[in-house]
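Q: Hi! Could you walk me through this one while I have it open on my screen?
A: Happy to, just ask away.

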Amino acid sequence: MKIRIALLVVALVSSGPAGAAPPGCEVAPDVVLAQVNALRSQGAVCGARGGFAAAPPLAWHARLAAMAGQQAAWLASTDRLTHAGPQGQTLGERARSSGYAFSRVAENLAQGQHTLADALRDWTRSDGHCANLYAADFTQTALACLAAADGRPLWVMVYARPI
């Protein structure tokens, strides 16, 4: 089984068919938050990124959810796994164009994991993804999951801290 993951962090000094949700993707925000915040409450060692103490819980943000959903739909339609948007926009540009004012934003991508627990497990095994998941300075999150062109789940999770 082929599993792909990708990662991107942006920090600012200032201020079925492709796209359908396959089984396992229908994850409600409260379930996402319960699983993610349970992990964050334990802290972790993220390889070369070092240790992370227990972090405060994240809150769900609808604007981030829409942004994650748009990226997931585009990735699913193109069978790509990239943080660039349809016109090459960066994650920060995508966040700003969605109307989200942030001081820090990051995104974890994964493809092929059949459940949220599987995606979270794989992200905790990747230094950068793990660091995004456990970073205490993130306060909000959202997740989208759709079927890639090959039918496998494609996961997009955004972490952010508003200005």
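Q: Which way do β5 and β7 pair, parallel or antiparallel?
A: In this predicted model, β5 and β7 (residues 153–162) run antiparallel to each other, with nine bridges between them.

Q: Nice. Which residue is the bridge partner of glutamate 107?
A: That would be valine 158, over in β7.

Q: And is β5 buried or exposed?
A: Buried for the most part: strand β5 spans residues 102–111, and nine of its ten residues are buried, so the rest of the structure largely encloses it.

Q: Is glutamine 113 buried or exposed?
A: Its relative accessibility is 1%, so glutamine 113 counts as buried; the cut-off for buried is under 20%.

Q: What does the side chain of glutamine 113 reach?
A: The backbone nitrogen of glutamine 111, at 3.1 Å.

Q: How far is glutamine 113 from proline 153?
A: The C-alpha atoms of glutamine 113 and proline 153 are 6.2 Å apart in space, while the two residues are 40 positions apart in sequence. Proline 153 belongs to the stretch 153–162 that makes up β7.

Q: Which ones are buried in α5?
A: Gly128, His129, Cys130, Ala131, Asn132, Leu133 and Tyr134.

Q: Let's move to aspartate 79. Where is that?
A: Aspartate 79 sits in the loop that links α2 (62–78) to α3 (91–97).

Q: What is its phi?
A: Near 55° for aspartate 79, which is a positive value in a residue other than glycine. For context, most residues other than glycine have a negative phi.

Q: How accessible is aspartate 79?
A: Its relative accessibility is 39%, so aspartate 79 counts as partly exposed. That category lies between the buried limit of 20% and the exposed limit of 50%.

Q: Zooming out, how many helices and strands does the protein chain have?
A: Five helices and seven strands. Reading from the N terminus, the order is β-α-β-β-β-α-α-β-α-α-β-β.

Q: And how much of the protein chain is buried?
A: Of the 163 residues in the protein chain, 47% are buried.

How values were computed
Residues numbered from 1 in each chain as written. Predicted model: local features only at pLDDT ≥ 70, side-chain atom pairs only at ≥ 80, totals over all residues. Heavy atoms only, no water. Helix = DSSP H or I, 4+ residues; strand = E, 2+ residues; numbered from the N terminus. Buried < 20%, exposed > 50% of the residue type's maximum accessible area, 1.4 Å probe, protein only. Pairing = 2+ DSSP bridges. Polar contact = N/O pair within 3.5 Å; in protein donor to acceptor, adjacent residues only side chain to side chain.
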